[in-house]
Every structure is written in C-alpha cells, then in structure tokens.
Amino acid sequence: MAKVVVVTSGKGGVGKTTTTAGLGTALAQTGQNVVVVDFDVGLRNLDLVLGAERRVVFDFINVVQGVAKLQQALIRDKRIETLHLLPASQTRDKDALTDEGVARVIGELRSRFDWILCDSPAEQRARHPPGIPAERGAQLAMRHADVAVIVTNPEVSSVRDSDRIIGLLDAKTEKAERGEKMDKHILITRFDPNRAARGEMLNISDVLEILSLPLLGIIPESEDVLRASNIGTPVVLNNPASAAARAYLEAARRLMGEELNVTVPSEKRGLLNKLFGRRAA
C-alpha cells in the first residue's frame, strides 16, 4: 500500500528539499517506486537538486488544472528508473492549488507508486512569493500524509517552529480529522558535534526532549551536501560513502520499518587540539 510522507518544517532553510531528494533517492535504490512532489509553488527547487530543471515541461499545477495529464508532468530520473519527480510551478496564482485538485492528484499517485514524498514549503517564511501563502502551502502538503518527517536544525528557533508544525499535523490533516494518529519523526540536519560541545547549538538530547518524537536520523554538517545540491545530484548518489549520505540511507531504512540504532556524530578534534590535549593531560 502506498505511503504518503510529508517532509516539513516550521522554518525555511533547514534542508527539507535536500532531505526529500535524499530520502526519495535512497528509497528508490531499494527498488521501491518513489515519486517526490514539490509543493513549494513560486520557488521550485526540487528539480534543481535532482538535476531535472531542463526537463520540466508540465508541472503539478498543470495537472491540477487539467492542462496536462499526470503522466505528462512526471519526470523519471535518468539514474534510477524507480524515482520520479512531479515538479512545482513557478506561477504566482494563489488559487492554483486547490484542496480538491491536490486530493485527486495524490489519489492518482497512490495507485502508481509505493512512496509519495511531499516537499513542503516552510510553514513560516519571512519573505515568500505572492502566491500561495506559506502556511496554506504547508497545510496542503501535509493534508493527505500518512507519515511526517519534521526537519529541524539543532537551534532554538528551528526547534520551536517545529513544535508548531507538530500541532498543525495533529489538527489539520485528514488523519487528524478521522481521529487517527499520524506517525511523526524528527530528522536533525546540519548537526556539528564541535559546536554542540561548545554550547553553540543544541545537542541531540535537548532537541528530542523538547519535541518528544522518535528520531529518524542525524545529518551532519557537511560540504558534501552542498556540493551535491549544486551539481543536481543527491548526496546519496554523488558521494555515497560520505557521512551525510550514510545518514540519509539509514534514515530511509528506518522509514521502511527497520530498527537501526542512530549514531550521534562524534566530536572531531584537529591534530593541534590532540597535541595540546595530550600535553594538558
């Protein structure tokens, strides 16, 4: 049975699109049929991260409005046959995505794919295009979800905004309206053990204590992620041996139900620190 996963957050810039691409690619590598759907109308970044920007002809809104059929808008990844993208539109028509239209498209996707990953716009965005309001866009992305992956950085403002998203998931989704509980997971991105040790960011236990949800994974701060995004290749394909890629691959396995321990990235000490540490000892 198909699962709809919303990848969401309260704050922008935490890594939702990178996470959608990373998890979607990792799931597709196992042979699962996966589609990633870009709900961020007006910005449209998921196609860039997947390196498919030049292949966009029709988009999500074209399908909702009946201008194109779903099959015309879906873009199959050239590297993994079981991975598809439904790109967002750069239109700024605030009425472009309707509740009924989104429900119809999600229903059709359920009949074709094993996993549907919805890349949500941030629930709060200081400056967003004059199209779909950020909050409404986030609610449309989560409305039909079976599972939520809440992406947060280990910073107080990001975690606080994630707490607000948890409230919306418990109130504004179809599952909530039916009185059913949605599975929700925390994915912590851009974690730097050195900064956490210095008290410059929250540590993992702090984040989990505040949000009180299961931990799907910890993505370390890494230049590999930025490099991969810049060339349009998810990090799990561009550098599968990197710590970030391994973290996404393991997170995808947990999403599929495997029980894997989450390893907290350890503090990395430079050679000079080690030498001074030995002298001090």
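Which elements each supply at least two residues of the lining of the second largest pocket? They are α9 (193-197), β8 and α13 (243-255). Keep in mind that this is a predicted model.

**Second largest pocket**
- There's about 370 Å³ of space in the second largest pocket.
- Its lining runs to 19 residues, and Ile218, Pro220, Ala243, Thr263 and Pro265 sit nearest the centre.
- The top contributor is α13, which gives five residues to this lining.
- Sorted by class, the lining of the second largest pocket comes out as nine nonpolar, four polar and six charged residues.

**Largest pocket**
- The largest pocket holds about 620 Å³ of space.
- It has 25 lining residues, and the ones closest to its centre are Gly13, Val14, Gly15, Lys16 and Thr18.
- At least two lining residues come from each of α1 (16-29), β7 (183-191), β8 (215-220) and α11 (223-230).
- Of these, α11 gives the most, with five residues.
- The class breakdown for the largest pocket is eight nonpolar, 11 polar and six charged residues.

**Helices α7 and α10**
- Helix α7 (residues 156-169) packs with helix α10 (residues 204-211) at an angle of about 30 degrees, and their axes are 10 Å apart.
- Angles under 35 degrees count as roughly parallel, so α7 and α10 are roughly parallel to each other.
- Their crossing is right-handed.
- On the α7 side, the contact uses Val159, Ser162, Asp163 and Ile166, while α10 brings Val207, Ile210 and Leu211.
- Those contact residues split into five nonpolar, one polar and one charged.

Definitions and conventions:
Residues are numbered from 1 along each chain as its sequence is written. This is a predicted model: local features need pLDDT of at least 70, side-chain atom pairs count only at pLDDT 80 or more; totals for chains, interfaces and linings use all residues. Side-chain values use heavy atoms; hydrogens and water are left out. Axes are lines fitted to C-alpha atoms, for helices over the stretch in contact, and angles run from 0 to 180 degrees between N-to-C directions. Helices (H or I, at least four residues) and strands (E, at least two) are DSSP runs, numbered from the N terminus. Angles under 35 degrees count as roughly parallel, over 145 as roughly antiparallel, 65 to 115 as roughly perpendicular and the rest as oblique. A crossing is left-handed if the near helix is turned anticlockwise from the far one by less than a right angle, and right-handed if clockwise. Contact means heavy atoms within 4.5 Å. Ala, Val, Leu, Ile, Met, Phe, Trp, Tyr, Cys and Pro count as nonpolar, Asp, Glu, Lys and Arg as charged, and the others, Gly among them, as polar. On a 1 Å grid over the protein atoms alone, a cavity is a set of points where a 1.4 Å probe fits but cannot get out, and a pocket is an open set with protein on both sides within 12 Å along at least five of seven lines; lining residues have an atom within 4 Å of a point. Grid points are joined across faces, edges and corners, and a volume is the space filled by probe spheres set on the points.
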